[in-house]
Amino acid sequence: MNIHEYQAKALFEKFGVPVPKGAAAKSAEEFDAALGQLADAAIVVKSQIHAGGRGKGTFTDGFKGGVKFCKTKNDAKIVAGKMLGNTLVTIQTGPDGRKVQTVYFTQASDIKKEYYLAILLDRATSRPVIVASTEGGVEIEKVAHDTPEKIFKVHIDPAYGLGDYQIRQLIYALELTPTEGKNATKLIKNLYRMYWETDAAMVEVNPMITTPDDQVLALDAKVSFDANALYRHPEITALRDLAEEDSKEIEASKFNLSYIALDGNIACLVNGAGLAMSTMDIIKHFGGNPANFLDVGGGASKDQVVAAFKIILGDPKVKGIFVNIFGGIMDCNVIATGIVAAVKEVGLSIPLVVRLEGNNVAMGKQALADSGLTIVNGDTMADAAQKIVKLVA
Ligand code: ADP
Ligand code: MG
């Protein structure tokens, strides 16, 4: 689960990670109150969306920059008015962009140098890793690709926690002065404590900055949490912003369906993640494009199948449906009756190819045949995939 920068900064403050003072606003009426909390000096106005690259982004109406420096509070108000409700496109949002529903005013900092700092789980070593670089502010992927020697990593033994010697290694690698180092120590220690205690999946500070008076501050904050641990953190779960999530994915999560929207036009309904992956592969293999990943799970109920079908049919991109079921635990007849019930409820105006195999398959096929619906039968995965690709072409 992702949160906004302004929410992440509030958490940073709670854990003693220094950030510039800031205040968020969700409507133009809130601008004055938010700005009233800040000093009468230069302000940076920041669009709050769940995507990075805002500074270099462009709004769909041509307004440039999702992060803007303003000399006065009055300028900040004008800029915020242009951002709020506008749609920001960045390298991370995709071409459709994201609508800005919150703006964040922060006190502008005097930047001496920008650094990169992140804490995340390294799956290869099963340990948290701190990633740091002197090349902050720009795209870290580019630095990692072009000049990998400028990326420094420290792996942390979760049983011991972050060692002081490891912080010294980081400070040495970042070439900080003694005073900067002292301040960075506090930031890194507290950031790690936050990462650990909140069950974060990733905490990224890009840039972390030094100022002319040797302060060290987190200027940007991107934080995501391990969804499996959210039950332990109701105060973090409360930060979830449904407006930032795909409405189809929210609907699917209500029914415990694993659903991810994709760009193609062939919807897939599959039981089991492995089968879902190979279904997408085989669609691609025969020249088609999957519209989604949808795993109804090993023991889906009829209600789940109906919900899954409704989600699929609610996507205007979908031009055909491929149901691929291997009944191990799953009863093919449950899928079949679910499909029939869903189609009767919402109608079906696009081709549907079904490949059923396994547990109770004869009854399932009978239920489909008896329904009187126009359903194309696929004998094998390859046969079914070829049929659906042809039908949507
Ligand atoms: P994004 O990564 O989405 O582009 P950032 O928060 O990193 O957004 O902002 C982009 C750039 O804007 C930063 O690299 C920094 O140079 C500048 N910036 C952001 N916040 C401030 C601030 N409070 N004071 C001064 N400059 C800032
Ligand atoms: Mg940034």
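Residues are numbered from 1 along each chain as its sequence is written, and chains are lettered from A and ligands numbered from 1 in the order in which they are written. In this predicted model local features need pLDDT of at least 70, side-chain atom pairs count only at pLDDT 80 or more, and totals for chains, interfaces and linings use all residues, while side-chain values use heavy atoms, with hydrogens and water left out.

**Ligand 1**

Ligand 1 sits in the largest pocket. A pocket is an open set of points on a 1 Å grid over the protein atoms alone, where a 1.4 Å probe fits, with protein on both sides within 12 Å along at least five of seven lines; a molecule sits in it if more than half of its atoms lie within 2 Å of its grid points. Two or more residues of the shell come from each of β2 (43-47), β7 (103-107) and β11 (200-210), strands being DSSP runs of E with at least two residues.

There are 17 residues around ligand 1 (a heavy atom within 4 Å), and K46, R54, G55, S109 and E114 come nearest. By type, the shell holds six nonpolar, seven polar and four charged residues, with Gly counted as polar and Asp, Glu, Lys and Arg as charged. Domain 1 (21-107) and domain 2 (113-237) each supply at least three residues; the bounds come from an automatic or database domain assignment.

Polar contacts (pairs of N or O atoms within 3.5 Å) with side chains include these:

| Residue | Ligand 1 atom | Distance |
|---|---|---|
| K46 | oxygen | 2.7 Å |
| R54 | oxygen | 2.8 Å |
| T106 | nitrogen | 3.3 Å |

Taken alone, ligand 1 exposes 540 Å², of which the protein buries 82% (Shrake-Rupley method, 1.4 Å probe).

**Backbone**

Most residues other than glycine have a negative phi, and most peptide bonds are trans. The peptide bond from N206 to P207 is cis, with omega near 10°, and P207 lies in strand β11. S126, not a glycine, has a positive phi of about 55°; S126 is in the loop between β8 (113-122) and β9 (127-133).

Terms used:
A polar contact is a pair of N or O atoms within 3.5 Å; within protein, one must be able to donate a hydrogen and the other to accept it, and residues adjacent in sequence count only if both atoms are side-chain atoms. On a 1 Å grid over the protein atoms alone, a cavity is a set of points where a 1.4 Å probe fits but cannot get out, and a pocket is an open set with protein on both sides within 12 Å along at least five of seven lines; lining residues have an atom within 4 Å of a point. Helices (H or I, at least four residues) and strands (E, at least two) are DSSP runs, numbered from the N terminus.
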